[in-house]
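Colleague: Thanks for sitting down with me over this model. Could you take me through a few of its local features?

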Amino acid sequence: GGDREGALPAFRAVLEAVPDAAAGHALLGGIYADHDLLADAVSELDQAAALDPENVLYVRALARVLERAGEDGRAEEAWGRVLSLAAGDALTLREGREHVVALWARGRSAGSHLTELRRAFDAPEPDVEAGRFLAEALRRRAEVPEAIAVLRRVVELAPADVSSLLLLERLLVQEDERDGAIEALRALAAADRSAAAQYYLRL
C-alpha cells in the first residue's frame with residue numbers, strides 16, 4: 001500500500017546515508033524487497049554483491065530475492081555461490097542446499113538430479129557434496145530412511161561435517177530413533193566445540 005513512487009526518493013536516500021557503498025546497496029535492496037519491488041531489489045543486491053563478492057550475507061539476500069522473482073536459474077547460481085562462501089557455517093550451508101533442491105523441484109528436474117547424485121555418491125571415490133545434496137533431496141521427497149542412510153555414510157566420510165550431523169540428528173528424532181540421535185549429538189559436540197553445551201542440553 002501507500003504511494004510507492006513517492007517513497008522511492010526516500011528509499012534512495014539510504015545510499016547517501018550509508019558510507020559503505022556495498023552496505024548501502026544491500027540495505028536499499030532489502031527495503032525494495034520488503035515492498036515487493038523485486039526488479040529494483042535484484043538490481044541493488046546485484047550491485048552490493050558485485051562490490052563485495054565475498055560477503056555471504058549480500059549473496060544470500062540476492063539469492064532469496066531472485067527466487068522470489070522467479071529467476072530460478074540465477075537463483076540457483078547465487079545459492080551455489082552462498083555454498084562456496086559459507087564454509088564452516090552449518091546453518092547457511094543447510095539452507096543453501098534446501099533452496100537449491102527446492103529450485104530443482106520447482107523446475108521439475110529433481111528426478112534427473114537424484115540419479116546423478118546417486119551415481120556420484122555411489123562411485124568408488126564418493127563425492128561427499130553429492131551425498132549432502134542427495135540426503136536433502138531424499139528428505140524433501142519424504143524418503144527419510146534412505147536420507148538417514150546417506151547421511152550416516154556422509155559423516156563416516158566427513159566426521160566433522162556439522163551441517164550433515166545436524167540434519168541427521170533432526171531426521172533420527174523425527175523417526176523416533178533416539179539412540180541414533182544421541183550418537184549424532186555426541187558427534188556434534190565433538191565436531192562443533194563452540195556449541196557443545198547446546199548439544200549436551202539437547203542430549
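Colleague: Is R108 buried or exposed?

Modeller: First, this is a predicted model, where local features need pLDDT of at least 70, side-chain atom pairs count only at pLDDT 80 or more, and totals for chains, interfaces and linings use all residues. Residues are numbered from 1 along each chain as its sequence is written, and side-chain values use heavy atoms, with hydrogens and water left out. As for your residue, buried means under 20% relative accessible area, exposed over 50%, and partly exposed in between (1.4 Å probe, protein chains only). With a relative accessible area of 79%, R108 is exposed.

Colleague: Nice. What phi does R108 have?

Modeller: Most residues other than glycine have a negative phi. R108 sits in the loop between helix 6 and helix 7 (110-121); helices here are DSSP runs (H or I, at least four residues), numbered from the N terminus. Although R108 is not a glycine, its phi is positive, at about 60 degrees.

Colleague: And which loop holds A142?

Modeller: A142 also has a positive phi, about 65 degrees, without being a glycine. At 60% relative accessibility, A142 counts as exposed. Its place is the loop between helix 8 and helix 9.

Colleague: Turning to aromatics, which residues form the aromatic pair?

Modeller: Rings of Phe, Tyr and Trp (its six-membered ring) pair if their centres lie within 6.5 Å; planes under 30 degrees apart count as stacked, over 60 as edge-to-face and the rest as tilted. The structure holds 1 such pair. With 5.6 Å centre to centre and 35 degrees between the planes, the pair is tilted, and its members are W104 and F133.

Colleague: How many residues apart are W104 and F133?

Modeller: W104 is buried at 7% relative accessibility, and F133 is buried at 10%. The pair links distant parts of the chain, with W104 in helix 6 (residues 90-106) and F133 in helix 8 (residues 128-140), so the helix runs as DSSP numbers them are joined across a separation of 29 residues.

Colleague: Last one: how far apart are the end C-alpha atoms of helix 2?

Modeller: The expected span of a helix is 1.5 Å times one less than its number of residues. Helix 2 (residues 21-34) has 14 residues and should therefore span 20 Å. The end C-alpha atoms agree with that, being apart by 20 Å.

Terms used. Helix = DSSP H or I, 4+ residues; strand = E, 2+ residues; numbered from the N terminus.
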